[in-house]
Amino acid sequence: MKIIVLGSAAGGGFPQWNCNCRNCSGLRSGAIRATARTQSSIAVSADGQDWVLINASPDILAQIRAMPALQPERARRDSGIAAVMLMDAQIDHVTGLLMLREGKPLPLYCTAPVWHELNNTLPLAPVLSHYCGVRWHELAVGSDAASIKRLPATQVPGIEGIRFTPLALSSKAPPYSPHRERPEIGDNIGLLIEDVASGKSVFYAPGLGAIDPPVEAALRHADCVLVDGTFWSADEMVTLGFSKKRAADMGHLPQSGEAGMIAVLDSIGERRKVLIHINNTNPILDEDSEQRVLLARHGIEVAFDGMEIDL
Ligand code: MLT
Ligand code: MN
Ligand code: ZN
């Protein structure tokens, strides 16, 4: 199984269009050692030909251009993207669907609450019905610790040999959702992605607000974890004067702190550990920062666009 990180930044990307924080401005001027990143999305394939796109970021066209593997050219009109799977209904994870409108009807795998958002509060599905159209396949989620073993995994036609098991998470529905403050199971999911032949797996959760028992079980089960790297500190956006929202208000677990992501990743033992969905304000984007050095000391990698994970 091959996983390609198409985009590794949080909403806004890096640098963000209007931002002059130390990172964004430092990247533009060359004052810091850092790499630009598009908004978070990964692609998964068993054979390197047909891929499941996991989250469709507004940067999808640039991501496809940068990744020839997604464009196998088997017919006059063709794409390596066989299906799209969504982790939530946030702008940075769904609006790329609009850019795929010239293709065939899109197989779309998401939970019922996310499908509801896409038909109501952010109605991309009815809009796309005038173009390629979307074929919804429901991802039924488990929310208890036993569920990663019990839930029937989803198989995507055309992507033989990979099983996708969705897991309900504590994070946040988008700001435009009527249940932003009244979470429903399935607003946000993580995904255990398993290669049937090798038995190897990745747990992918770009938005993760809390480590509930089923999430902890998935983190301990997977050979590689690719998880929420949005913020270094709980009040990062507040301290910088960019927002009144703390990381928790946005459904993200920061890396630092006693129960932060570093402590969580320390507690799950040896395996590959990678942060993704990194906000442009996060000091770990500066490759010379003390925070980046600290991550390395804990065996934690920072995803970058084009990163490949083979399992
Ligand atoms: C989030 O994950 O909290 C979102 O990316 C925020 C946004 O889209 O601006
Ligand atoms: Mn996001
Ligand atoms: Zn910035």
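## A walk from the sheet to the pockets

Start by selecting Val274 in this predicted model: its bridge partner in β13 is Glu301. Now widen the selection to the whole of β12, residues 272–276, and you will find 3 bridges joining it to β13, with the two strands running parallel.

Next, bring in the rest of the sheet. It is open, has 7 strands and mixed pairing, and reads β7-β8-β9-β10-β11-β12-β13 in order. To see its edges, colour β7 (154–156) and β13 (300–302), each of which pairs on one side only. Look along the sheet, too: neighbouring strands are turned by 25 degrees against each other on average, direction ignored.

Select Arg77, Asp78, Ser79, Gly103 and Lys104, which lie nearest its centre among the 21 lining residues. Then show α2 (60–66), β4 (81–85) and β5 (106–110), the elements that each give two or more residues to this lining. Helix α2 gives the most, with 3 residues. If you colour the lining of the largest pocket by class, expect 10 nonpolar, 3 polar and 8 charged residues.

Your last stop is the second largest pocket, which holds about 560 Å³ of space. Pick out Gly11, Gln90, Asp92, Met250 and His252, the closest to its centre of the 29 residues that line it. Coloured by class, the lining of the second largest pocket shows 9 nonpolar, 15 polar and 5 charged residues.

Note on methods
Residues numbered from 1 in each chain as written. Chains lettered and ligands numbered in written order. Predicted model: local features only at pLDDT ≥ 70, side-chain atom pairs only at ≥ 80, totals over all residues. Heavy atoms only, no water. Pairing = 2+ DSSP bridges. Helix = DSSP H or I, 4+ residues; strand = E, 2+ residues; numbered from the N terminus. Axes fitted to C-alpha atoms, helices over the stretch in contact; angles between N-to-C directions. 1 Å grid on protein atoms, 1.4 Å probe; cavity = no way out; pocket = protein on both sides within 12 Å on 5 of 7 lines; lining within 4 Å. Nonpolar A, V, L, I, M, F, W, Y, C, P; charged D, E, K, R; others polar. Points joined across faces, edges and corners; volume = space filled by probe spheres on them.
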